[in-house]
Amino acid sequence: MTVLGCIADDFTGATDLAGLLARSGVKVNLHMGVPDAPPSDTAAFEVIALKCRTEPASVAVAECLRALDWLRAAGAARFFWKYCSTFDSTADGNIGPVAEALMDRLGTEQTIYCPAFPENGRAIFMGNLFVGEQPLAESPMKDHPLTPMRDSNLMRLLEPQVTRLVGLANRLVVEKGADALRDRLAELRADGVMHVVVDAVSNDDLYVISEACRDMVLLTGGSAVAMALPELYLEDGTLKTDSPKMETPSLAEGAIVLSGSCSAMTRAQVAAYLEQADGLRLDPLDLARNGADAATAWLEKQPVDSAKIIYATAEPSSVKAAQEKLGVAKAGQLVEDALAALAVKARELGVRRFVVAGGETSGAVTKALGVTQLTIGAEIAPGVPWCFATSAGQDIALTLKSGNFGAESFFADALAKL
Ligand code: ADP
């Protein structure tokens, strides 16, 4: 049943990939971590979200192999290893080791590396990755706290991570079309080149790459190179036209926005939504002193179907002040714990639609709601779909938005879309 099994190295990346695959209207399942139970009720596209980007390579490899085994048990014969479109990896990064371990287990000889996402300003030319107009190593990614990227050349980044040869299929080949790219890959394979970086600067390039590589047992890249796969698989019959479709469960009206992200875009989104919704601001200092009882009492007083938002979202100066008093980790934890507990309270009060802002916040909320598997629904903004799940036996909808995603009207747009 499962046509493509996907493994993603972080949660919002998995949602992004799942959302792009779901554009086809075909059912996509998203799992938080490798499920304990064997596969059942599988979809054409199964995505497993791991949190292994910055794990030591040996740990990442072990987790990814476990995910691979589960996806094979689900029936998948083709696989996708999804990492960030800025090729985020540490000095002894694990993009290469994971790819090589997956190839070994699958007994496949060659794979491609294509983190390009032209719509989001990520392009690869002559093996060099660009963020907008800047080479990766001159972009803000050079100062990332966990995965600083100090080289823009993907071959040079990959070489120390793998044991076999690394090569390039450049834009001049891709431009000639799928047959030319297939020929180039065969030529490289004959020379023993197993890891091939592929240039792409536009969606057309990505389409050529998908067409040329759709039968590879393992593909690796950002989410965008997987975008055309559902259409191609439908065309050649790999994906049956009667595959289970995306379904929207009927849900009660009650909705809530929970925001723990302090990014610039989220601050604008909270301000915009407060013009039409009742809001409660959480202050970490107050939470440290008095706990979250006052917030719970506020939530209990709100009509279940009213527009409401609970947010810790604050200006950098206020975040800094709380962090100085409490410590960065403690301030964050207090907010995450409070929002997670309030999500559970909201569900108990009958709320079934949850809009959550913040990557870490999303993790805390889904965990508290006991959500381990999601089905992907309509896309609200590029890379941010609605997801459906059950929590304590109830059908719920969740959208999990990381910091800078979405337009200013995102919260209202999300709820209108459902
Ligand atoms: P983003 O996706 O924007 O990075 P995250 O939820 O991943 O958002 O991270 C935001 C972090 O900031 C969370 O740990 C959250 O608990 C914390 N936080 C939120 N509001 C505040 C605040 N007012 N003061 C201090 N920390 C905060």
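**A walk through the predicted model**

The protein has 15 helices and 18 strands; helices (H or I, at least four residues) and strands (E, at least two) are DSSP runs, numbered from the N terminus. This is a predicted model, in which local features need pLDDT of at least 70 and side-chain atom pairs count only at pLDDT 80 or more, while totals for chains, interfaces and linings use all residues. Residues are numbered from 1 along each chain as its sequence is written, and side-chain values use heavy atoms, with hydrogens and water left out.

Overall dimensions come before the details. The C-alpha trace of the protein spans about 70 × 50 × 35 Å along its principal axes. For 418 residues, a compact globule would have a radius of gyration near 22 Å, and the 22 Å of the protein agrees with that. The radius of gyration is taken over C-alpha atoms, and the globule rule is 2.2 Å times the number of residues to the power 0.38. Of the 418 residues, 56% are buried. Buried means under 20% relative accessible area, exposed means over 50%, and partly exposed lies in between (1.4 Å probe, protein chains only). Among contacts between residues at least 6 apart in sequence, 74% join residues at least 24 apart; a contact means heavy atoms within 4.5 Å.

Asn29 gives a local view of such packing. Asn29 is found in strand S2 (residues 28-32) and is buried, with a relative accessible area of 2%. Leaving aside residues up to four places away in sequence, Asn29 touches Asp41, Thr42, Ala43, Phe45, Glu46, Val47, Gln373, Leu374 and Thr375. With one of these, Glu46, Asn29 makes a side-chain polar contact of 2.8 Å. A polar contact is a pair of N or O atoms within 3.5 Å; within protein, one must be able to donate a hydrogen and the other to accept it, and residues adjacent in sequence count only if both atoms are side-chain atoms.

Three strands form an open sheet in the order S6-S7-S8, with antiparallel pairing. Its edge strands are S6 (122-125) and S8, each of which pairs on one side only. Two strands pair if DSSP finds at least two bridges between them; S6 and S7 (residues 128-131) pair in the antiparallel sense over four bridges. Phe125 stands opposite Asn128 in S7. Pro140 lies in the loop between strand S8 (134-135) and helix H4 (154-158). At 63% relative accessibility, Pro140 counts as exposed. Pro140 and Arg150 are 10 residues apart along the chain, and their C-alpha atoms are separated by 10 Å.

Charged side chains come next. Side chains of opposite charge can pair when their charged atoms come close. The structure holds 20 salt bridges, a salt bridge being a side-chain nitrogen of Lys or Arg within 4 Å of a carboxyl oxygen of Asp or Glu. One of them joins Asp205 and Arg171, at 2.7 Å from N to O. This pair links distant parts of the chain: Asp205 is in helix H7 (residues 203-213) and Arg171 in helix H5 (residues 171-174), 34 residues apart. Asp205 is buried, at 3% relative accessibility.

In helix H6 (residues 178-190), Arg182 and Asp179 are three residues apart, about one turn of the helix, and their closest N and O atoms are 2.7 Å apart. Arg182 is partly exposed at 35% relative accessible area, while Asp179 counts as exposed at 52%. Arg184 forms a salt bridge with Glu187, with 2.8 Å between the closest N and O atoms. Arg184 and Glu187 are separated by about one helical turn because they are three residues apart in helix H6. Both count as partly exposed, Arg184 at 24% and Glu187 at 44%. Elsewhere, salt bridges that share partners join Asp9, Asp10, Arg53 and Asp88 into one network.

The cysteines remain. A disulfide is a pair of cysteine sulfur atoms within 2.5 Å, and a search of the whole structure finds zero. For Cys84, the closest cysteine sulfur is in Cys52, 13 Å away and therefore too far for a bond. For Cys387, the closest is in Cys6, and at 15 Å that sulfur is also too far for a bond. Cys84 is buried, with a relative accessible area of 19%, and Cys387 is buried at 1%.
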